[in-house]
Amino acid sequence: MRPELASPNVLWTLGSILFLLALATVSKKIVQRINPRIDLSLPAHYINTWWIIVIPLALAIATSKGLSILLFAFVSFMALKEFFSIIPIRRTDRRVLFWAYLTIPIQYYWIAKNWFEMFVIFIPVIVFLILPVRVILIGNISGLVKTTGVIQWGLMTTVFGISHLAYLLVLPPKYNPNGGGAGFVLYLILLNQLNDIAHAISGKAIGHLSVFPNLRSQKTYEGLVFATSLTVFLSLLLSQLLTPLTHIESVLAGLVIGLGGVIGDAIMSGLKQDLGIKQNNTNEQMYTRILDNMDSLMYTAPLFFYFLKIT
Amino acid sequence: MSTVLRYLFFICIVKPLVLIGLGLNVYNRQRLPSKGPAIIVANHNSHLDTLVLITLFPLKLLKNIRPVGAADYFLRNRFLSWFALKIIGIIPIYREVCPGTKKNPLTHISAALERGDILIFYPEGTRGQPEKLQSFKTGIAHIAKRHPQVPIVPVFIHGLGKVLPKGEALLVPFICDVVVGEHIRWEGSKEAFMNKLSSTMKELAFKISFPAWE
């Protein structure tokens, strides 16, 4: 049985990532064995994150369209739950939040049905109009704007944003003879995550001038130049393998993904800073595990999606 | 038969619901007792509290875990009392002792501790207002005095009052916090013990920062 979503290029890419990850994991173990005093917490963090991203993704791509959609719906659910657990809410909003959770199966149903118009307008238009009605029906008016604003923001990022990955994944192969929908998704996730890593490394190593001085984020102009150029370069390489984009288009796509990722990351850091949540990766605070790792992807997924749509 | 159902209920329904549907953030898990006898003392906001606390323990301890529940509430009809006694495994306690009877309401609790069970006890006595800590009733002090060698483990739970508060049937998922405290024991007097218990609980609640819920 040939998997419905996987083209040879996608399988090769997935195979190489798995191989590189295994290599990274083994070499981390060896380095630790040789010199236990070297601090490997940053690479270890990224290696773990990559395993968590790649294994479900590989399973989804290798099995079926339905399972892939379910996987991303589940990711949306976990991300929305994290979001609702960190924002201040009012007691009377419980039912509104329940409705907000219900948008997840509906949004992913449009994807399963390939109903593009509903997929695009459901959360930004329909839910935007209906959710405040639920709040008004409950009757607690003081705080209405704040509640509806916060909930809509969460839905736009965690449900609408992430669902674009699922829509890309199940695109018919005619849009992308090189890799199919899975090719687009792999391309986007690879560039996005590598861009994040490039920022984390260069921000520490060469950065001085902070891009967002009021944020506790490590984004610097030097890091921005380095990471964005790296992402554009990788975009040129990977687009040949995974997408039908021309050279100019892949440079633009690299810029969209690189800069969009920075914005997404900065906005999520700002949100957490506003709510007084510490940004750390200790085992004890696992509140925002998915939000932390997908913050930039929630922005780049729709950006990249509509970029493809207009090119 | 009901033992099998109990395991099935916890493996197939409770664990997925608590760990995936909600999600737990456990602080100091290593302080949980690995064997009985012990008493888990927790604040009480939701029926889910008991399910969450049981989920914290490995399955092999399931047969030893006995939540203490009010008889007038959980034994009020046949189905509920079958479910409470056989599936959840509660020890019923009679909140209002009839003046005529000589029977000590804590007999079953003592028996369970002597068998080496891990009890779950809610000294607030009721779920009360969601996410508000109420004053503790002194029943726990009597148990501690009778069994001074049994470790008492205070556990503070936050979030389940948002998920499923008293009087609500609609479950809304949130990630919940569980903070496990250091063991405490009988302090020599009822007052000292109760003070120790409530101050420990307040310290545990202070350890986590949670978003406003007004």
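**Overall fold and the setting of H199(A)**

In chain A of this predicted model, 76% of the contacts (heavy atoms within 4.5 Å) between residues at least 6 apart in sequence join residues at least 24 apart. Residues are numbered from 1 along each chain as written, chains are lettered from A and ligands numbered from 1 in the order in which they are written, and side-chain values use heavy atoms, with hydrogens and water left out. As the model is predicted, local features need pLDDT of at least 70 and side-chain atom pairs count only at pLDDT 80 or more, while totals for chains, interfaces and linings use all residues.

On to secondary structure: chain A has 10 helices and 0 strands (DSSP runs numbered from the N terminus, with helices being H or I of at least four residues and strands E of at least two). From the N terminus on, that reads α-α-α-α-α-α-α-α-α-α.

As for overall dimensions, the C-alpha atoms fill a box of roughly 60 × 45 × 35 Å along the principal axes.

Zooming in, H199(A) sits in helix α7, which spans residues 180–205. H199(A) counts as buried because its relative accessibility is 4%. Setting aside neighbours within four places in sequence, the residues in contact with H199(A) are K219(A), G223(A), L224(A), A227(A) and V262(A).

Definitions and conventions. Buried < 20%, exposed > 50% of the residue type's maximum accessible area, 1.4 Å probe, protein only.
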